[in-house]
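Here are some notes for a colleague who is opening this structure for the first time. Please read them with the sequence and the model side by side.

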Amino acid sequence: MEWQASPDEYEKLVIRMNTPRVVIDNTVCATATLVKVDSARRDVILLEAVQVLTDLDLSIRKAYISSDGCWFMNVFHVTDRYGQKVTDKRVIAYIERSLGTEEDDFTTGSRDIEAFTTLELVGTDRPGLLSEIFAVLANLGCSIVEAKLWAYKGSIAGLLFVEEEDSGLPIEDSDKIRHIQARLGYVVRGSTTALSSSSASYVFRGTNADRRIHQLMFADRDYERAVASGEPSVSVQNWTERGYSIVNVQCSDRPKLLFDVLCTITDMGYVIFHGTIDTTGDHAYQEFYMRHSDGSPICSEAERQRVVQCLQAAIERRASEGLRLELCSADPLTVAEATRTFRENGLTVTRAEMSTKGETAVNVFYVTDAGGHLPGRKTIEAVMERFGDDCLKACEDRPLRTGKMKSGSDRDEPSSGSGGLLRLGSLVMRNLSNLGLIRSS
């Protein structure tokens, strides 16, 4: 009797059982593409699925989440950036392979940044800081290949992927790295870290960079500096009978909203078991049934307040108000000059993203005036005249903030007490029905 084949067959069975099953359907819904994911449950699988869709610049209009026992089931209603169904066969194939854990060489335009040195910046924001950072790096012979920087509530955090300006190679000289850290540490007046290994740089591709910035700002406790305003609306209550903490989020919709919320929930050590996401017009509604990673719900008022503050900060960090300016230039001196010109004209950069596509560098800045409002026309015309319309453009972007939440009695707050929990409990049954696990009566 031969036993040698048994372990191999068992291993194949385990792999087959645990490999996510992905179905993409354009026939069920008239306005969105359905992405259905069934998989053995892991604590981070929901974030991983949303991250794949977010990296492709897809908007999640609705979602139904259910994770009972050892199995995870999710249905996403997604559209492209223009609000249309996803019909590109290459994108569909990439989603199927990525969520099915198969490797693929599909790229979304950015250069492979694993060969560059990564700099992490965390510190106190102030007018003109960005121009000083770029000036220091240019002075030290560093070329910025890609970068993401966010400013929020007096703090700034970001990742910069740099290389030697002369050779185009990663910065390997340890003395130079320490010198860069010291110079930037003096300018930022906070903590700076340089990561020189390619493996460390690789993990920050795409939305991984966004998640890392969330982590940096969370570690800097920026959420404690936010002023309590009730917007965005975040509420937390416990469903004692089922051992869940139930989180409700209501706010203006924007790109990557769900990803930002899930990053914070995951990094705070919570696991989502059920949930519903819905968007109506410019309004987003999210509801999650979650527990701590040790299986317990939120246990104290202090912990509840911390969850509310952290989720509000996660939503607000990327929702920076401002005018979008695009600078098309690969010259680091031009980028440094642009940020200096912003400062000289009284403009504050609330968010910056730099990427290289082929031989062209695209630098995006969101700017406000000193009071945090949209800059005046004359100011923008003066800045654009300095660089020319072909190099610097003011762009209409998808709104980062599309309206104010209703306040007071006008807001549809979740009800408290047993009535509210009965309503919340019915969502679980609706989720299971939407996922095809039970039949609707």
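How many disulfides does a search of the whole structure find? The model is predicted.

1. Disulfides. The search of the whole structure finds 0 disulfides. A disulfide is a covalent bond between the sulfur atoms of two cysteines. Among the cysteines, Cys29 has a relative accessible area of 15% and is buried. Cys251 is also buried, at 3%. Both values fall under the 20% cut-off for buried.

2. Cys70. This cysteine sits in the loop that joins strand 3 (59-68) to strand 4 (71-79). Its relative accessibility is 66%, so Cys70 counts as exposed. Not counting residues up to four places away in sequence, Cys70 touches Ser39, Ala40 and Arg41.

3. Helix 2 and helix 3. Helix 2 covers residues 45-55 and helix 3 covers residues 89-99; their axes come within 10 Å and cross at roughly 155°. An angle over 145 degrees counts as roughly antiparallel, and helix 2 and helix 3 are therefore roughly antiparallel to each other. The crossing is right-handed. On the helix 2 side the contact involves Ala49, Val52 and Leu53, and on the helix 3 side Tyr94, Ile95, Ser98 and Leu99. These residues divide into 6 nonpolar and 1 polar, with no charged ones.

4. Helix 4 and helix 5. Here the helices are residues 129-139 and residues 174-188, and they pack at about 160° with their axes 10 Å apart. This pair, helix 4 and helix 5, is therefore roughly antiparallel. Helix 4 passes helix 5 in a right-handed crossing. Helix 4 contributes Leu129, Glu132, Ile133, Val136, Leu137 and Asn139, which meet Ile180, Arg183, Leu184, Val187 and Val188 of helix 5. The residues of this contact are 8 nonpolar, 1 polar and 2 charged.

5. Ser143. Is Ser143 buried or exposed? Ser143 belongs to strand 6 (residues 142-152). With a relative accessible area of 13%, Ser143 is buried, because buried means under 20%. Leaving aside neighbours within four places in sequence, Ser143 is in contact with Phe161, Val162, Glu163 and Glu165.

6. Positive phi values. Asp57 is not a glycine, yet its phi is positive, about 65°. Asp57 is found in the loop between helix 2 and strand 3, and at 26% relative accessibility it counts as partly exposed. Lys153, also a residue other than glycine, has a positive phi near 50°. The loop that holds Lys153 runs between strand 6 and strand 7 (155-164). Lys153 is partly exposed, with a relative accessible area of 41%.

7. Gly281. Where does Gly281 lie? Gly281 lies in the loop between strand 11 (270-280) and strand 12 (283-292). At 58% relative accessibility, Gly281 counts as exposed, because exposed means over 50%. Gly281 and Arg61 are 220 residues apart along the chain, and their C-alpha atoms are separated by 9.9 Å.

Note on methods. Residues are numbered from 1 along each chain as its sequence is written. This is a predicted model: local features need pLDDT of at least 70, side-chain atom pairs count only at pLDDT 80 or more; totals for chains, interfaces and linings use all residues. Side-chain values use heavy atoms; hydrogens and water are left out. A disulfide is a pair of cysteine sulfur atoms within 2.5 Å. Buried means under 20% relative accessible area, exposed over 50%, partly exposed in between (1.4 Å probe, protein chains only). Axes are lines fitted to C-alpha atoms, for helices over the stretch in contact, and angles run from 0 to 180 degrees between N-to-C directions. Helices (H or I, at least four residues) and strands (E, at least two) are DSSP runs, numbered from the N terminus. Angles under 35 degrees count as roughly parallel, over 145 as roughly antiparallel, 65 to 115 as roughly perpendicular and the rest as oblique. A crossing is left-handed if the near helix is turned anticlockwise from the far one by less than a right angle, and right-handed if clockwise. Contact means heavy atoms within 4.5 Å. Ala, Val, Leu, Ile, Met, Phe, Trp, Tyr, Cys and Pro count as nonpolar, Asp, Glu, Lys and Arg as charged, and the others, Gly among them, as polar.
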